[in-house]
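The sequence and structure come first.

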Amino acid sequence: MMDVGLTHYLLLGAFLFACGLLCIATKRNAIGILMGVELVLNAANVNFVACAKYVPGFALEGQVFALLVIVLAAGEAAVALAIILNFYNNHATVDVDQADELKG
Amino acid sequence: MSLEVVLFTIIASATGLSAIAVVVSRNVVRCAVWLLFTLVGVSLLYFLIGAEFVGATQLIVYVGGTMVLVVFGVMLTAQRQFLQIRIRAQEWIVGGTLAACLFGLMAIVSLRLGTPRTAAATDHMPGAGPIGVGFTTTYLLPFEIISVHLLVVLIGAAYLARAKRKAVERGSP
């Protein structure tokens with residue numbers, strides 16, 4: 001049995017990214033789309049931390065980038081939820097197909 | 001089989017299955033619960049790698065903060081007819097094909113990138129102390145930028161919430 005290497009973590013990150021993309025593409029609930037974005041950001045973070053362990057000279061940088069991504073994801077979730085709640089108050093729905101007022 | 005292989009297999013499969021469940025479950029509350037399991041699984045992977053500080057931050061910020069925010073959003077917007085929005089089969093086909101193609105592409109890249117590296121480059125990962133020193137010396141500019149970004153997010157979220165309340169007051173005579 002082989003050891004756990006960088007490939008396994010990269011494959012898991014790719015799988016999480018594909019799941020997040022599918023979530024963004026198929027869900028029509030705005031909060032479901034937000035969950036897909038969280039999945040994509042987590043996939044990137046898995047890659048960063050795995051590279052911090054397995055790539056030489058990247059031990060500190062990978063963790064620092066992962067922490068920055070976590071903070072950015074928290075801020076993004078806060079602003080996106082504020083926008084979604086505003087949209088819900090004005091339109092009484094969270095279906096993103098109804099948000100077509102800017103369509104030309 | 002070593003303990004690391006067993007632990008990685010269990011945690012990675014649980015994380016992947018939870019991610020699939022996030023995609024396929026139609027109730028948005030169940031989506032949130034499966035996303036919670038996915039985030040906890042990812043933080044356990046960080047602990048397995050040896051990055052304790054990143055894992056703890058993931059638990060505190062994601063599981064403690066962002067998930068509570070998402071659950072509050074679900075509760076505030078969950079009406080009966082919007083809790084389960086029907087998805088057409090056509091959307092599943094197009095989105096699934098796109099995601100499968102992208103996963104295949106990234107799997108090829110991962111296999112090429114990761115094959116020479118099976119041994120860990122460092123014996124022990126730097127903990128909270130070296131990360132803190134790095135944030136105040138080498139990575140001071142990204143740290144400051146992200147601090148200002150958090151301030152902007154705080155002001156923006158407060159402004160959006162306040163504008164909403166004004167509109168409601170104006171709308172009601």
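**Contacts of B:Val22**

Which residues is B:Val22 in contact with, leaving aside its neighbours within four places in sequence? From chain A they are A:Cys19, A:Cys23, A:Met35 and A:Leu39, and from chain B they are B:Cys31, B:Trp34, B:Leu35 and B:Thr38. Contact here means C-beta atoms, placed from the backbone, within 7 Å.

The model is predicted: local features need pLDDT of at least 70 and side-chain atom pairs count only at pLDDT 80 or more, while totals for chains, interfaces and linings use all residues. Residues are numbered from 1 along each chain as its sequence is written, with chains lettered from A and ligands numbered from 1 in the order in which they are written.

**The largest nonpolar core**

B:Val22, A:Cys19, A:Met35 and A:Val49 have the most contacts inside the largest nonpolar core, which has 71 residues. Such a core is a set of buried Ala, Val, Leu, Ile, Met, Phe, Trp, Tyr and Cys residues joined through C-beta atoms within 7 Å. A residue is buried if 20 or more other C-beta atoms lie within 10 Å of its own, exposed if 12 or fewer, and partly exposed in between.

Elements giving two or more residues to this core include H1 (6-26) and H3 (59-91) of chain A and H5 (89-114) of chain B. H2(A) supplies the largest share, 15 residues. Helices are DSSP runs (H or I, at least four residues), numbered from the N terminus.

**A:Gly5**

A:Gly5 lies in the segment before H1 of chain A. A:Gly5 has 18 other C-beta atoms within 10 Å and is therefore partly exposed. From A:Lys53, A:Gly5 is 48 residues apart in sequence and 9.6 Å apart in space, C-alpha to C-alpha.

Methods. Two residues are in contact if their C-beta atoms, placed from the backbone, lie within 7 Å.
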